[in-house]
Amino acid sequence: QVQVAESGGGSVQAGESLRLSCAASGRIFRVNDFGWYRQAPGKQQELVATTTRGGSTNYADSVKGRFTISRDGVQNTLYLQMNNLKPEDTAVYYCNGQIQSDGQTRTYWGQGTQVIVSS
């Protein structure tokens, strides 16, 4: 059984920072692509940032220069450092992992963590 769980959300003022964490646990052989997505009220889910096992990263234009994605391969943990937060960053943030377990690669999603940014 594989689980993915986010933490670190909260309520902050515009310009402040938050760090999100995502821990993958269970019978994991390998975590391949790992990423953050978000969904704001009344909007579709969108990609925030992703990282490959080799270290390549990809960011949404709206967060470039403010957010940094990183991963701890040993601990199977993903992070998202969010600086200079804006009210438009308010959303539920979800972790997504392409995880090899028991001979198969599947997509796993966390339950999400709420981020609220006030102006």
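**Overall dimensions**

The model is a predicted one, in which local features need pLDDT of at least 70 and side-chain atom pairs count only at pLDDT 80 or more, while totals for chains, interfaces and linings use all residues. I note also that residues are numbered from 1 along each chain as its sequence is written, and that side-chain values use heavy atoms, with hydrogens and water left out.

Along the principal axes, the C-alpha atoms of the protein chain fill a box of roughly 45 × 25 × 25 Å. I looked up the accessible surface (Shrake-Rupley method, 1.4 Å probe; for residues, only the protein chains shown count as cover), and it comes to about 6,400 Å², with 42% of it belonging to carbon and sulfur atoms. Of the 119 residues, 41% are buried, where buried means under 20% relative accessible area, exposed over 50%, and partly exposed in between (1.4 Å probe, protein chains only). For contacts, meaning heavy atoms within 4.5 Å, I recorded that residues 24 or more positions apart account for 55% of those with a separation of 6 or more.

**Strands and the open sheet**

I then listed the secondary structure, in which helices (H or I, at least four residues) and strands (E, at least two) are DSSP runs numbered from the N terminus; the protein chain has 0 helices and 11 strands. Strands count as paired if DSSP finds at least two bridges between them, and on that basis 4 strands form an open sheet in the order 1-3-8-7, with antiparallel pairing. Strand 1 (2–7) and strand 7 (67–72) stand at its edges with a single partner strand each, so one side of each is left without a neighbour in the sheet. Neighbouring strands of this sheet are turned by 15° against each other on average, direction ignored; the axes are lines fitted to C-alpha atoms, for helices over the stretch in contact, and angles run from 0 to 180 degrees between N-to-C directions.

Strand 7 pairs with strand 8 (residues 77–82) in the antiparallel sense over 6 bridges, and Arg71 has Leu78 as its bridge partner in strand 8. In strand 8 I also checked Thr77, which is buried at a relative accessible area of 10%. Neighbours within four places in sequence aside, its contacts include Cys22, Phe34 and Arg71.

**The disulfide**

I found 1 disulfide in the structure, a disulfide being a pair of cysteine sulfur atoms within 2.5 Å. It joins Cys22 to Cys95, with an S to S distance of 2.0 Å, and links distant parts of the chain, since Cys22 lies in strand 3 (residues 18–26) and Cys95 in strand 9 (residues 91–101), 73 residues apart. The torsion about the S-S bond is about -75°, so the disulfide is left-handed. Both Cys22 and Cys95 are buried.

Strand 9 pairs with strand 10 (residues 104–109) in the antiparallel sense over 6 bridges. Their hairpin has 2 residues between the strands, and Asp102 takes a positive phi near 50° there. Gln100, in strand 9, has Thr105 of strand 10 as its bridge partner. I also noted that the C-alpha atoms of Gln100 and Ile28, 72 residues apart along the chain, are separated by 6.2 Å. Beyond neighbours within four places in sequence, Gln100 is in contact with Arg27, Ile28, Phe29, Arg30, Asn32 and Thr105.
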